[in-house]
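These are my notebook entries on a structure that I went through entry by entry. I wrote down each term when I came to need it.

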Amino acid sequence: MAARVANLWIIDNDPMVSFYIKRLTELGALADIITIYDSPRGAVDYLLLHKTSLEHLPDIILLDIYMPEMDGWEFIQEFQKIRDKLTKNVEIHIITSSNHPKDISRAKTFIEVKSYLQKPVTLEALQDVVSNYNMAERS
């Protein structure tokens with residue numbers, strides 16, 4: 001059986017990208033629940049509201065970094081403030097169109113960021129993200 005997670009979030013302001021990633025995730029049967037946020041602020045608010053609920057918290061967050069109002073970098077900074085209050089290990093994986101070395105280097109400075117994937121993301125890349133999460137959870 002293929003690796004899967006209970007709860008996967010997509011945070012991206014582009015509805016076409018979110019739909020595409022959601023569809024790949026469904027085709028790969030990678031998650032039981034897939035939630036899309038078009039704004040990082042809504043995701044932060046939800047995390048704060050459900051910080052002790054294992055069933056409501058995501059296992060994996062697929063995060064775009066360039067969005068209006070609150071970008072992915074700001075989301076990560078907010079996430080750092082609440083990470084220790086969450087009752088579940090939540091991984092962040094950046095999915096972006098940027099291949100700028102500055103962005104890649106910056107992503108590596110955050111312990112919460114487990115990978116940096118360039119758009120368009122592939123099913124194989126998403127399978128690797130889920131498989132690696134499951135291996136980390138077992139060890």
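**Entry 1: terms and ground rules.** I call a residue buried if its relative accessible area is under 20%, exposed if over 50%, and partly exposed in between, using a 1.4 Å probe and protein chains only. The model is a predicted one, where local features need pLDDT of at least 70 and side-chain atom pairs count only at pLDDT 80 or more, while totals for chains, interfaces and linings use all residues. Residues are numbered from 1 along each chain as its sequence is written, and side-chain values use heavy atoms, with hydrogens and water left out.

**Entry 2: salt bridges.** Side chains of opposite charge can pair when their charged atoms come close. I counted a salt bridge where a side-chain nitrogen of Lys or Arg lies within 4 Å of a carboxyl oxygen of Asp or Glu. How many salt bridges does a search of the whole structure find? The search gives ten.

I looked up arginine 83, which forms a salt bridge with aspartate 84, with the closest N and O atoms 3.7 Å apart. Arginine 83 is partly exposed at 33% relative accessible area, whereas aspartate 84 is exposed at 66%.

Helices (H or I, at least four residues) and strands (E, at least two) are DSSP runs, numbered from the N terminus. In helix H1 (residues 15-27) I found arginine 23 and glutamate 26, three residues apart, about one turn of the helix. Their side chains meet in a salt bridge of 3.4 Å, N to O. An α-helix has 3.6 residues a turn, so residues three or four places apart point the same way. Arginine 23, at 38% relative accessible area, is partly exposed, and glutamate 26 is partly exposed too, at 37%.

I then turned to lysine 119, whose salt bridge with aspartate 64 has its closest N and O atoms 3.5 Å apart. Lysine 119 lies in the loop between strand S5 (113-118) and helix H5 (123-138), and aspartate 64 in the loop between strand S3 (60-63) and helix H3 (72-82), so the pair ties together parts 55 residues apart in sequence. Lysine 119 is partly exposed at 22%, but aspartate 64 counts as buried at 5%. Asp12, Asp64 and Lys119 are linked in a network of salt bridges.

**Entry 3: a charge without a bridge.** Lys and Arg count as positive and Asp and Glu as negative, with His and the chain ends not counted. Glutamate 91, in strand S4 (residues 91-96), is buried yet has no salt bridge, and its nearest side chain of opposite charge, lysine 114, is 5.4 Å away. Taking contact as heavy atoms within 4.5 Å, and leaving aside neighbours within four places in sequence, I noted that glutamate 91 touches several residues, including Asp59, Ile61, Lys114 and Tyr133.

**Entry 4: the nonpolar cores.** In soluble globular proteins, nonpolar side chains tend to be buried together. A nonpolar core is a set of buried Ala, Val, Leu, Ile, Met, Phe, Trp, Tyr and Cys residues joined through side-chain atoms within 4.5 Å. The largest such core has 25 residues, and Ile11, Phe75 and Ile94 are among those with the most contacts inside it. Strand S1 (5-11), helix H2 (40-49), S3, H3, S4 and S5 each supply at least two residues of this core, and H3 gives the most, with five. A second, separate core of 19 residues includes Ile21, Leu24, Ile34 and Ile95.

I stayed with H3, where Gly72, Trp73, Phe75, Ile76, Phe79 and Ile82 are buried. These buried residues pack against S1, H2, S3, S4, helix H4 (101-108) and S5.

**Entry 5: ring pairs.** Rings of Phe, Tyr and Trp (its six-membered ring) pair if their centres lie within 6.5 Å, and planes under 30 degrees apart count as stacked, over 60 as edge-to-face and the rest as tilted. The structure holds five aromatic pairs. Tryptophan 9 and tyrosine 46 form an edge-to-face pair, 5.6 Å centre to centre with 70 degrees between the planes. This pair links strand S1, which holds tryptophan 9, to helix H2, which holds tyrosine 46, 37 residues apart. Tryptophan 9 counts as buried at 1% relative accessibility, and tyrosine 46 as partly exposed at 24%.

Is the pair of tryptophan 73 and phenylalanine 110 stacked or edge-to-face? The ring centres are 5.9 Å apart and the planes lie at 25 degrees, so the pair is stacked. Both tryptophan 73 and phenylalanine 110 are buried.
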